[in-house]
Amino acid sequence: MEIKILHLYYDLLNLYGEYGNVSALERYLENQGAAVTVDRLSLYDDVDFKQYDFIYIGSGTEEKQLVALENLKKTKADIRSAYDSGAIILATGNAFEMFGKKIISPDGSQTGGLGWFDIETSVSDKKRTLTDEICSAGFLDKPCVGFINKASEITSREKPMFVCDFGAGNSDKDKNEGIVNGSFYGTHLTGPCLVKNPHLLEYFAGLIAKKKGFDLKPAELPFENRAYKITLEALKSRMN
């Protein structure tokens with residue numbers, strides 16, 4: 001079974017070691033017997049989005065986010081076509097903000113997003129949210145852990161990816177976090193989130209397997225699960 005993964009803007013949106021998300025998914029699928037190809041492409045590369053089963057975009061500084069957004073607009077029809085055809089997209093950190101209606105900078109200037117989803121982003125130069133996180137998803141049987149570092153607040157009328165039990169949501173007034181719409185998943189959770197949460201890694205591997213028409217074999221991730229358990233217990237102790 002051949003699987004193609006695209007790590008988009010791997011060199012521009014690369015905070016918090018998030019290349020680990022792609023590496024972990026690649027290793028997991030290879031251990032399942034799949035032949036996995038990972039293409040790492042960026043601003044000046046030609047991208048044929050429709051050939052990819054899974055597209056990953058990580059987080060970057062606020063300045064680099066806007067550079068990536070302007071570049072992505074040039075191929076917005078192509079990536080939309082891939083999404084509409086069932087490509088699975090995971091955007092972490094501030095990457096998912098690019099798919100909303102607009103991003104409002106601290107000076108009040110506005111940059112139009114791709115407009116896929118009914119979300120708006122406001123970026124502050126006076127307030128930054130840095131927090132560890134415990135959050136729950138309706139499609140998972142265990143909570144996820146991670147870290148959020150953002151200068152933005154999200155106003156969203158979309159279905160959230162997570163609900164925060166500890167830490168920050170989309171805004172001070174909203175404990176919902178991120179977005180899930182069809183095969184698009186967006187979250188500020190970094191860390192990298194697929195490394196810190198082996199059950200989330202297995203979830204995305206399962207989505208890819210379903211798309212490609214094969215079954216996953218039971219997999220043991222003893223070190224990953226132990227690290228997850230230790231982190232979860234440590235964060236839970238801070239909730240009281």
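I count two strands as paired if DSSP finds at least two bridges between them. Helices (H or I, at least four residues) and strands (E, at least two) are DSSP runs, numbered from the N terminus.

**Entry 1, ground rules.** I am working with a predicted model, where local features need pLDDT of at least 70, side-chain atom pairs count only at pLDDT 80 or more, and totals for chains, interfaces and linings use all residues. Residues are numbered from 1 along each chain as its sequence is written, and side-chain values use heavy atoms, with hydrogens and water left out.

**Entry 2, the six-stranded sheet.** I looked up the strand order first. This open sheet runs β2-β1-β3-β4-β14-β13, with mixed pairing. β2 (35-41) and β13 (179-181) are the edge strands with a single partner each, so one side of each has no neighbour in the sheet. From one strand to the next the twist averages 10°; for such angles, axes are lines fitted to C-alpha atoms, for helices over the stretch in contact, and angles run from 0 to 180 degrees between N-to-C directions.

I then checked a parallel pair: β4 (residues 88-92) and β14 (residues 184-187) are joined over four bridges. Here Ile89 sits opposite Phe184 of β14. Helix α5 packs on this sheet and touches β1 (2-8), β3 (54-57), β4 and β14, its direction making about 160° with that of β4. Contact means heavy atoms within 4.5 Å.

Next came the helix pair. α1 (residues 19-31) and α5 (residues 198-212) pack at about 60°, with their axes 10 Å apart. That makes α1 oblique to α5 (under 35 degrees is roughly parallel, over 145 roughly antiparallel, 65 to 115 roughly perpendicular, and the rest oblique). I noted the crossing of α1 and α5 as right-handed, meaning that the near helix is turned clockwise from the far one by less than a right angle.

Which residues of α1 and α5 meet? From α1 I found Ala24, Leu25, Tyr28 and Leu29, and from α5 Leu201, Glu202, Phe204, Ala205 and Ile208. By class, this contact has eight nonpolar, no polar and one charged residues. Ala, Val, Leu, Ile, Met, Phe, Trp, Tyr, Cys and Pro count as nonpolar, Asp, Glu, Lys and Arg as charged, and the others, Gly among them, as polar.

**Entry 4, the four-stranded sheet.** This open sheet has the order β9-β8-β11-β12 and antiparallel pairing. Its edge strands, β9 (144-150) and β12 (176-177), each pair on one side only. I found β11 (residues 162-166) paired with β12 over two bridges, with Val163 opposite Asn176 in β12.
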